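Please examine the sequence and the structure shown here.

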Amino acid sequence: MTGSRLWRTLSVFDRSTRSWVRAIPLQNTQSQVTQRLSLISWNIDAFSSRPVSRAKLILGHILKGPKLPDVIFLQEITPDVRTSLLNDVRVRDAFLATDLEDQTSFEDVPFTTMTLLSRARFAFGLDSQKEGDRIEGGEKFMLGRVSRVTLPSKYRRDALYVDIVPPTAPGTVFRFINVHLDSLGDTLHYRAQQMEILANVLREPGCSGGIIAGDFNAISPEDDRLVDKNELVDAWVALHGRADPDGATWGIGVERQEGLGSGRSDKVATMGLKVNEMEVLRPGPIEVPRPGEKPLKISWSDHCGLRCTFTI
């Protein structure tokens, strides 16, 4: 227990060897680090038709290249979608996955979050460094603590944390946090608490900063102020400004029954990192068969994805 938060330490699953390795905690000492990483975050939409087929299309879009992302954050992962992603040979060959064979993540919730880490850029421990593990700029990033932290929430939401240690500064820890904050207008007070907790986590002793990304469910002007209020950097605003009309990630081209318009529901917030590039990834269409009628076309997800490149 840390403060009022419940920490549940996880293992990281290496599908290529089907082995569990306990992530190793490392202490922090400040040091100069310059390494570039790429992140893609996407809420795949658990409740629309054909979730497995849609998830496969989203994954294919993410992995189409020419260069694979180093980190993938996914939200609204159901058990069937998780199984499908684990069975994809591209995931098995190229990525490490967090707690993906641990059913605890699905207790009392319809979906969960999932983080994939490039095996070309990340390794489990100091003893895993091999002669061929070199990458541009140094060896692989090392994994520290991997855990889920229970948040105050109407919907039993949590935050999925991965601590990483840069190869050029083995005493320095950065934290990557995959989030799906509480939904809808009546939970703003929960989202405010959640953002305060997450920002404070990046300021904990031993942590030099990090990134919080995923579905922030930012549907109101008050939501848009939460990143600034907690002294974090909104990556999209830093690069494109607040008025850029292409920044919306949710509600694009549709009319919501709740009366909500389009907006930047999904965000990347940073501390102690330099954001280099960022773009919105638009979903494509998929057909849903209807007996006796023409197939219905729907989007891969009701959310767009985000691609962000940053330096730590």
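This is a predicted model: local features need pLDDT of at least 70, side-chain atom pairs count only at pLDDT 80 or more; totals for chains, interfaces and linings use all residues.

Residues are numbered from 1 along each chain as its sequence is written, and side-chain values use heavy atoms, with hydrogens and water left out.

The chain contains 7 helices and 18 strands; these are DSSP runs numbered from the N terminus, helices being H or I of at least four residues and strands E of at least two. Of its 312 residues, 56% are buried, a term that denotes under 20% relative accessible area with a 1.4 Å probe, protein chains only. The accessible surface of the chain is about 14,200 Å², and carbon and sulfur atoms account for 51% of that area; such areas come from the Shrake-Rupley method with a 1.4 Å probe. Among contacts (heavy atoms within 4.5 Å) between residues at least 6 apart in sequence, 71% join residues at least 24 apart.

In soluble globular proteins, nonpolar side chains tend to be buried together. A nonpolar core is here a set of buried Ala, Val, Leu, Ile, Met, Phe, Trp, Tyr and Cys residues joined through side-chain atoms within 4.5 Å. The largest one has 29 residues, and F122, I164, F176 and F310 have the most contacts inside it. Apart from it lies another core, of 24 residues, which includes I58, I72, V288 and W300. Leaving aside residues up to four places away in sequence, F310 touches partners including F176, I211, L273 and V275.

Helix α1 spans residues 51–62. Within α1, the buried residues are R54, A55, I58, L59, H61 and I62. Why do they lie on the same side of α1? They cover an arc of only 160° around the axis, which puts them on the same side; the arc is that of the directions from the helix axis to the C-beta atoms. Among the elements against which the buried residues of α1 pack are β4 (36–43), β5 (71–77) and α2 (79–86).

S38 lies in strand β4 and, at 16% relative accessibility, counts as buried. Its contacts, not counting residues up to four places away in sequence, are L68, P69, D70, V71, C308 and T309.

Strand β12 (residues 210–215) has 6 of its 6 residues buried, so β12 is largely enclosed by the rest of the structure. Strand β11 (residues 174–180) pairs with β12 in the parallel sense over 6 bridges, where pairing requires that DSSP find at least two bridges between two strands. In β12, G214 is the bridge partner of V179.

Note on methods. Buried means under 20% relative accessible area, exposed over 50%, partly exposed in between (1.4 Å probe, protein chains only). The expected span of a helix is 1.5 Å times one less than its number of residues.
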